[in-house]
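This briefing is for a reader with the sequence and coordinates at hand.

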Amino acid sequence: MKFKVLFLFLISFLFCETPNWDKERQKMIEKLKEYGIRNQKVLSVMSEIPRHKFIPEYYRSYAYEDTPLPIGFNQTISQPYIVALMTELLDIQPEDKILEIGTGSGYQAAVLGKLSKEVYTIEIIEELCSRSQKILKELQFNNIQVICGDGYEGYKEKAPYDKILLTAAPKELPEELLKQLKINGILVAPIGDVKEIQILYKFTKTKEGLKKESVIPVRFVPMIKKK
Ligand code: SAH
């Protein structure tokens, strides 16, 4: 009887071994490089941040696969390649003040936080907002402020921003967001109806006007418009 218990214990130990997160994370970084991510600072912070801690337990074992994952409330954490690409497009400098709309799990905010001076991130779903506040606090991201509320019109209180990132897609770019962007600032956003193809755009605000570059077709959850 004793042997049987010991045997079962050994078997469950062997098969329920916790994944080697560091190793999995390095594999993810190699994939990002293969897909064309070149910015060393972006690769370096993504190789440090424990993405699995931002993912609900049920899906945690897939944390370092290059795929979006459910985070509850019909929302998803973006695929690592898209996080890396959007961060690269923002060309973040250490003194930057950044606004993110759509905190979700808090992972993208963590990536932004490691590269910049301060991050303001807004989440409309109360539960996701408090969950990301908690995890970012636990991981000691003290330069990130998570605001619970509607970010469709940005966050005037701390404007203007050097960089703005939308991680939910509006049908059109809200005018108010451009007002909250500094001259020479960059705004990256997926735009378009969820039923159609959305495009990821990079906008650069110059003294002469707005420069708009389309990057790739994407699929994001819609940005909720309350007003
Ligand atoms: N950046 C996230 C993923 C974003 S998913 C991450 O790293 O996990 C998109 C998020 O945008 C969802 O959580 C959704 O609730 C939020 N959202 C949608 N419309 C919003 C709005 N108007 N204001 C703030 N958040 C919004």
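The notes below start with conventions and then go through the topics in turn.

This is a predicted model, in which local features need pLDDT of at least 70 and side-chain atom pairs count only at pLDDT 80 or more, while totals for chains, interfaces and linings use all residues. Residues are numbered from 1 along each chain as its sequence is written, and side-chain values use heavy atoms, with hydrogens and water left out. Helices (H or I, at least four residues) and strands (E, at least two) are DSSP runs, numbered from the N terminus.

**Sheet**

- Seven strands form an open sheet with mixed pairing, in the order β5-β4-β3-β6-β7-β8-β9; two strands count as paired if DSSP finds at least two bridges between them.
- The edges are β5 (144-148) and β9 (209-218), each of which has a single partner strand, so one side of each lacks a neighbour in the sheet.
- On average, neighbouring strands of this sheet are turned by 15° against each other, direction ignored.
- Strand β6 (residues 161-166) runs parallel to β7 and is joined to it by four bridges.
- Tyrosine 161 has leucine 181 of β7 opposite it.

**Helix packing**

- Axes here are lines fitted to C-alpha atoms, for helices over the stretch in contact, and angles run from 0 to 180 degrees between N-to-C directions.
- Helix α6 lies across β4 (118-123) and β5, and runs at about 165° to β5.
- Helix α4 (residues 80-90) and helix α5 (residues 107-115) have axes that come within 11 Å and cross at roughly 35°.
- That crossing of α4 and α5 is right-handed, meaning that the near helix is turned clockwise from the far one by less than a right angle.
- In contact (heavy atoms within 4.5 Å), Val83, Met86, Thr87 and Leu90 of α4 meet Tyr107, Gln108, Val111, Leu112 and Leu115 of α5.
- The residues of this α4 and α5 contact comprise seven nonpolar, two polar and no charged; nonpolar covers Ala, Val, Leu, Ile, Met, Phe, Trp, Tyr, Cys and Pro, charged covers Asp, Glu, Lys and Arg, and the others, Gly among them, are polar.

**Salt bridges**

- The whole structure holds nine salt bridges, each a side-chain nitrogen of Lys or Arg within 4 Å of a carboxyl oxygen of Asp or Glu.
- Accessibility is given by class: buried is under 20% relative accessible area, exposed is over 50%, and partly exposed is in between (1.4 Å probe, protein chains only).
- Arginine 25 and aspartate 22 form one of the bridges, at 2.7 Å from N to O; both lie in helix α2 (residues 21-34), three residues apart, about one turn of the helix.
- Arginine 25 is buried, with a relative accessible area of 7%.
- Glutamate 30 and lysine 33 form a salt bridge with their closest N and O atoms 3.5 Å apart, and they are separated by about one helical turn because they sit three residues apart in helix α2.
- Glutamate 30 is partly exposed at 42%, and lysine 33 is partly exposed at 32%.
- Glutamate 138 pairs with lysine 134 in a salt bridge, the closest N and O atoms being 3.5 Å apart; the two are four residues apart in helix α6 (residues 126-138), about one helical turn.
- Glutamate 138 is exposed at 53%, and lysine 134 is exposed at 55%.

**Glutamine 180**

- Glutamine 180 sits in the loop between α7 (175-179) and β7 (181-191).
- Glutamine 180 is buried, with a relative accessible area of 2%.
- Not counting residues up to four places away in sequence, glutamine 180 touches Leu99, Glu153, Gly154, Tyr155, Lys156, Ala159, Pro160, Tyr161 and Ile164.
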